[in-house]
Amino acid sequence: MRQTRPPSRARQNGRCKLSASRPRKHLTRGLRFRLTAVYTVFFALLLIGVSALFRQHLEASLSEQARRVLDQEWAAMKGYLKIERNQPIWFFDHDDPDEAFIVNRLRQVYFLADQTGEVLQYSDNYKDIGFDKPNEIKSVLASATPVWRVRKDSHGVPYLIRTGVVYDERHTRPYVVAIGRSLAPDRKILSDFTWIEYVGLIPASILTASVLGWVLAGRALRPVSALAETAQRISGSNLNVRIPDRGAGDELDFLIEAFNRMIARLEGSFQQMRQFSTDVSHELRTPITAIRGQLEVALFTARTTEQYREAMLNALQDIERLSQIVRALLLLSQAESGQLALQKTRLDLASVVREIVDQFQIPAEEARVRLSAYLPGTCTATLDKVQIERMLSNLLSNAVKFTPAGGEVHVTLQCLGDQAEVVVEDTGCGIPAKHLPYIFDRFYQVRNEAASGPERGLGLGLSFVAWIVKAHQGTISVESTPGRGSRFIVRLPVVAPVPASNETPDPAVASG
Ligand code: ADP
């Protein structure tokens with residue numbers, strides 16, 4: 001026969017090891033790298049943008065300043081230059097070094113031509129730049145405002161030239177005069193700035209920012225790494241591991257808190273699973289041991305057909321109990337895994353309760369328990385009929401089972417607007433307070449005299465009741481006094497959810 005072997009410990013360990021020592025992703029795919037890269041790129045773009053703007057501003061101010069200086073020089077030039085009989089004469093005090101210096105300065109880049117284009121006076125620098133052509137002279141004469149140009153000399157040095165018109169002493173003949181100044185110092189300032197900025201400061205700032213970004217990203221992501229490491233260490237056997245709170249109250253603390261809560265929930269589920277496996281094995285072992293004992297008795301000691309029959313009957317009873325447990329477990333696991341969907345319909349809850357109470361009259365009479373009910377005429381509700389019947393049966397069977405002869409079981413139904421309240425109370429043995437928090441757990445049973453022998457339950461009934469109530473978004477509570485009785489109160493919402501517009505309304509609702 002082919003058997004499915006459970007995975008060996010070695011294989012399991014191997015798998016664990018594999019996941020623990022999984023090769024780390026490439027550095028460039030890590031969050032730290034990506035955060036640093038994004039931050040650095042953003043910072044670099046910002047820095048380059050700001051520098052470019054600053055450079056543009058500097059260039060504009062230098063050019064503005066150069067024009068202002070030339071404007072002032074032009075005004076000074078008009079004060080010193082006189083043209084008499086077509087002859088340019090510079091009037092200044094030759095003994096005054098300041099005046100001599102100014103005039104010298106004005107004539108460094110200087111050109112004078114008459115209206116025909118004949119050059120009357122010029123400086124060597126201007127000759128190097130190149131004299132103005134007759135058509136250029138004409139356009140200057142025609143222009144009402146000074147003409148500004150940037151021209152280069154034979155060495156490529158740029159000059160800003162201001163060309164305008166001056167008149168002779170009688171103010172009759174116009175002459176074209178051009179003065180200029182070298183833009184080399186300004187260009188030098190700009191190129192120095194560019195070099196310092198783009199080759200020195202920007203790369204250094206980007207490098208510093210990326211190192212800082214890398215350190216900060218590493219520090220910010222440290223809790224995430226701690227989270228990942230803790231997650232790696234967690235297995236079914238050490239779910240008690242928690243990540244310590246950083247106390248910063250930020251998103252990472254929120255993540256840690258959520259993670260810790262998730263682990264706590266997992267721990268709870270694992271604990272429940274373990275408890276469940278223990279309970280199931282225990283519950284299954286009892287009838288199996290009994291069946292085995294009965295079969296052994298039949299095999300070794302039974303002599304007569306009657307004895308065989310009795311042993312087999314007993315075994316059959318235990319087999320029946322076994323299959324009850326398996327059926328109930330299957331149903332419960334289907335319910336809890338969501339496979340048992342509710343089939344809600346519009347029904348009269350009062351008549352459903354009435355029917356179940358009627359069905360329990362015979363068992364109650366047999367147990368000599370008085371079963372009564374106080375129900376309204378109708379109580380319309382949208383519920384799953386089968387599950388509600390199952391819930392009522394479980395509560396009633398418990399009430400009858402745990403109430404000694406001569407006792408009473410009473411069922412009350414009240415319709416309170418959008419809620420229905422079902423109360424099943426009995427004058428039975430009651431449940432000690434210490435057991436109350438656990439009676440809805442699977443297989444939880446309070447051992448008592450009232451229900452023993454074949455009457456003994458599976459400890460699954462109330463788990464089912466709890467699931468049915470929860471699935472209907474209702475609540476269940478229990479009050480109990482040992483020796484005096486118990487009271488189970490179920491509250492269920494009875495209002496159906498608003499139907500979608502394409503659904504046909506229930507005729508019962510429509511008719512009111
Ligand atoms: P069981 O199959 O044992 O009845 P349940 O899940 O229905 O399992 O109930 C769990 C335990 O709760 C029972 O074993 C019983 O001890 C206690 N219990 C439930 N209902 C009552 C009640 N009406 N009176 C006293 N004890 C009750």
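The structure is a predicted model, in which local features need pLDDT of at least 70 and side-chain atom pairs count only at pLDDT 80 or more, while totals for chains, interfaces and linings use all residues. Residues are numbered from 1 along each chain as its sequence is written, and side-chain values use heavy atoms, with hydrogens and water left out.

I begin with the chain as a whole. It contains 13 helices and 14 strands; these are DSSP runs, helices being H or I with at least four residues and strands E with at least two, numbered from the N terminus. Of its 512 residues, 33% count as buried, where buried means under 20% relative accessible area, exposed over 50%, and partly exposed in between, with a 1.4 Å probe and protein chains only.

Next, the strands. Strand β5, residues 147-152, pairs with β6 in the antiparallel sense over six bridges; two strands pair if DSSP finds at least two bridges between them. Val 150 stands opposite Leu 160 in β6. Five residues separate β5 and β6 in their hairpin, and Gly 156 in the turn has a positive phi of about 85°. On β6 and strand β7, residues 174-182, the antiparallel pairing runs over nine bridges, with Gly 164 opposite Val 177 in β7. Six residues lie between the strands of this hairpin, where His 171 takes a positive phi near 60°. How many of the ten residues of β6 are buried? Eight are, and the strand, residues 158-167, is mostly covered.

I turn now to charged side chains. A salt bridge here is a side-chain nitrogen of Lys or Arg within 4 Å of a carboxyl oxygen of Asp or Glu, and by this rule the count comes to 15. Arg 149 and Asp 132 meet in one of them, at 2.9 Å from N to O. Because Arg 149 lies in strand β5 and Asp 132 in the loop between α4 (124-129) and α5 (134-142), this pair ties together parts that are 17 residues apart in sequence. Asp 132 also forms a salt bridge with Arg 151, the closest N and O atoms being 3.2 Å apart. Asp 132 is buried at a relative accessible area of 6%, Arg 149 is buried at 17%, and Arg 151 counts as buried at 16%.

Elsewhere, Arg 327 forms a salt bridge with Glu 320, with closest N and O atoms 3.8 Å apart. Here Arg 327 counts as exposed, at 51% relative accessibility, and Glu 320 as partly exposed, at 39%.
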